[in-house]
Each structure stands twice: as structure tokens, then as C-alpha cells.
Amino acid sequence: MHPEDIRAVFHPGKPLEHTSSLVGQAMEAEPRLDIELAKLLLGQGSHRAPDQPTALRILEVLDRVSAGTRLARMISPLLRHADPQIRTKAAKVIARRMENFDWIRAQLLKAEPRVRANMIEALWENGDPECVEVFRLYRDDCDNRVAGNALYGLYVCGEAEAIASVLRMASHPDPRFRATAAWLMSRIDEPKFANVLKTMVRDESRSVKGSALKSLVRLSRTAGIAQDPSHSKPAGTGPAEPGSIASDNYFVSWRPEYSVHIDAIDRQHQALVALIRQLQQAMWEGRGRAFLDTLVDRLVQYANGHFRYEENMLREQGYESLAGHIEQHRILTRQVLELQHRIQTGEAVSGASVMAFLRNWLTEHIMQHDQEYAAALRIT
Ligand SMILES: [Fe+2]
Ligand SMILES: [Fe+2]
């Protein structure tokens, strides 16, 4: 492809969805297209590496259309790229794909703060128990963005210690950490944070004040819809301490029959189970609706990443009913995006209805459609 054509196809002004779907379709005819694009980014093709905006857009598209570790290994030299934006974007794409935590730890040790922060962020949706270890290691990082992302990772993994750590960060002597703590407080949505934020808006640092104010506004927006009638506790179970995990009998948990016997996919499905549990916990504590904002963003990310990964794997394995499976993914993606739209436009969506949707995803898609390919791949 001529450099001018590449610039036209990957122009950042074009909708990412559209470009990704074009490249995704092209990859069905040319499965090595992602590798060719990676080579182009590294300046290894017959043409020079593209300019920064084009390179960033190519990385974004590759992130959506190419699964597996092959791409991650190919683009790892970009971690040393002269442009910091390309370095950080590459770090995110790579960390999302790597299942080898030794490699991630090694990269985190040598990488600059921006790159480290992005790599930690990319692990938010990984769902591997080893992530928790990485988050614990970096929650006291000397850089506020790295520490903040690590704390958020702990929270996403359901680690209750994250709440206490955020409160500690809120009184850090360095204002950059306090500003990060204020940002975290709006993302984590713990009821006791509102009072802390009210104190933080009087902080001597302008950036802390600004961050605290923004978080308070975000919290007050969600507080209006926080009273979810679905939060009444199930009969026969006692009250839970705020921030604690309630009776396990009530919560969805991973079961052996969900397994498709492919480790990477099982881990991704476990991440969905973890999201369902977080919603259950939030509903249990009476903040079901307030949590939906965060949940739905994570679901959109999850659906994009997981479906892309699964489809590429099935394509590589030559799965016969791939088209039907992709259609099922499209339906789920559309439903998730519709849900996101309803929540973002302030429609009163109940935690219970989202829970029903997620349970359905688990029992209908994972237990039926995903099990169909698992059975087919075991035979071939
Ligand atoms: Fe799946
Ligand atoms: Fe699937």
C-alpha cells in the first residue's frame, strides 16, 4: 500500500469503528495483515514508518482487530520509540495481550512512568489472579499515575484494601498523589469518599481542588440515581459491612461447567464473572445504579477485547460455525452499547435488569454458544 493510501485509510478523523471493521474484513482475506501493519509501524516494510497520528491510529485499530501475543512481541520495540505517545499506546496494546507476567514485570521495571501507568491500566481487564500481585507491587509507586492505576486495578479485582489505600493517598504530602486520590474516588464510588472530597476541595493545591471538585460533580450526578429498589438484601442473609463481600452463596461464582478448556478464554470468562460479582456487591450495598456507569464502560471494553480475541482464535482454528458465532457477538455488543447509551443519557436503568442481562450472557452465550465451539474444537 502506498504511504498516501495508508494515511487516508488510517486518518484519525475517520471513525475508529469504521476503520477497524474495514481492516477486520480485510484480515479475513489476508490473515497476516496485522503483522504487515506492525512491520510498517517499525519501519521494516518497503516504506518509511508513518507519521505520528497515522501510527497512533494504526495501533488503535490493531488493538481491536488483532488478538494473541504475536502482535505484542512484534511491536515491543515501540516501547523504545522516540515519541512518548507512541510508546505509551504501544505499552497498552502489548500489556493487554501478554499472559506472561514475568515479561510484564520486566518491562515495568525498565519503563518510564507514563508507559508503566499504561501497562498497569491495560491489566485492569485481564482478570488473571497474577494481576493482583502486579497491582500490589505498584500501588506504592513513586509516580502518582502508576500508583493510582494500580490501586484502581486492585479495586477492579475486588480487593477491599483498595479503599483504605485510596484514603491514605488522599493525605499524601505530594499534591499530585492527592489529586490522583480524588480522581480515584469518583471512579471507585465508595459512599465515604464524598465527605473526604468535600474536605479536599479546600486543599491548598489548585490541582487537588480541581480534581476533587470534578469527582464531587461526578458523584452527585450518579447519587441522584443511586437508590436502586433492587438493593433489598436476599432473605436469610445478614447485613454486610460496607466494602465487604457478602455471602458467597448469593453471588455468582466460576463453575467448572463454564470452562471451554482453553486457559486464555477461561480467564476472560472469569473476568466477566468477576464483573457480575462486583455488580452484585454494589447492589447488595444499595449502590447498584451508581455502579452501572463504571460497569457499563468496563463491559464495552470487555466485549470488544474478548469477542475479538475469541473470533481470531476461532478463525485460526478454522471453526465451521464462525459466522453464526460472530453474529451472536454482534448482538451482545449491540445490547451492551445500547445499555451504555441509556445510562449515559440518564435513563433510569435498574441494577436488576443489568444483572438479568449479564446472567443471560453467562448462561446463554458462554454456556451454550461458547460450549458449542469448545466441543467442536475438541473433536477436530
Ligand atoms: Fe466467550
Ligand atoms: Fe463467544
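Okay, one definition before we start: two residues are in contact if their C-beta atoms, placed from the backbone, lie within 7 Å. Keep that in your head, and let's go to Ile-75. Please remember as well that this is a predicted model.

So, which residues does Ile-75 touch, leaving aside its neighbours within four places in sequence? The list is Ala-38, Leu-41, Ala-90, Val-93 and Ile-94. Ile-75 also belongs to the largest nonpolar core, which has 61 residues. Along with Leu-62, Met-119, Leu-151 and Ala-182, Ile-75 is in the group that touches the most other members of that core.

Let's zoom out for a moment. The chain has 380 residues, and 36% of them count as buried. What is it built from? You'll find 18 helices and zero strands. And if you take the contacts with a separation of 6 or more, 68% of them come from residues 24 or more positions apart.

Now for a pair of helices. Find H2, residues 16-29, and H4, residues 52-65. Their axes come within 9 Å and cross at roughly 60°. That angle is why we call H2 and H4 oblique to each other. The crossing of H2 past H4 is right-handed.

Who actually meets whom there? On the H2 side we have Leu-16, Thr-19, Ser-20, Val-23, Gly-24 and Met-27, and on the H4 side Glu-60, Val-61, Arg-64 and Val-65. Sort the residues of that contact by class and you get five nonpolar, three polar and two charged.

While we're on H2, look at Gln-25, which sits in that helix. Buried or exposed, what would you say for Gln-25? Gln-25 has 10 C-beta neighbours inside 10 Å, so it counts as exposed.

Last stop: His-261. You'll find His-261 in the loop between helix H14, 206-223, and helix H15, 263-284. What's the phi of His-261? Phi there is near 60°, a positive value in a residue other than glycine. His-261 counts as exposed because there are 10 C-beta neighbours inside 10 Å.

That's my tour, thanks everyone.

Technical notes
Residues are numbered from 1 along each chain as its sequence is written. Chains are lettered from A and ligands numbered from 1 in the order in which they are written. This is a predicted model: local features need pLDDT of at least 70, side-chain atom pairs count only at pLDDT 80 or more; totals for chains, interfaces and linings use all residues. Axes are lines fitted to C-alpha atoms, for helices over the stretch in contact, and angles run from 0 to 180 degrees between N-to-C directions. Helices (H or I, at least four residues) and strands (E, at least two) are DSSP runs, numbered from the N terminus. Angles under 35 degrees count as roughly parallel, over 145 as roughly antiparallel, 65 to 115 as roughly perpendicular and the rest as oblique. A crossing is left-handed if the near helix is turned anticlockwise from the far one by less than a right angle, and right-handed if clockwise. Ala, Val, Leu, Ile, Met, Phe, Trp, Tyr, Cys and Pro count as nonpolar, Asp, Glu, Lys and Arg as charged, and the others, Gly among them, as polar. A nonpolar core is a set of buried Ala, Val, Leu, Ile, Met, Phe, Trp, Tyr and Cys residues joined through C-beta atoms within 7 Å. A residue is buried if 20 or more other C-beta atoms lie within 10 Å of its own, exposed if 12 or fewer, and partly exposed in between; C-beta atoms are placed from the backbone.
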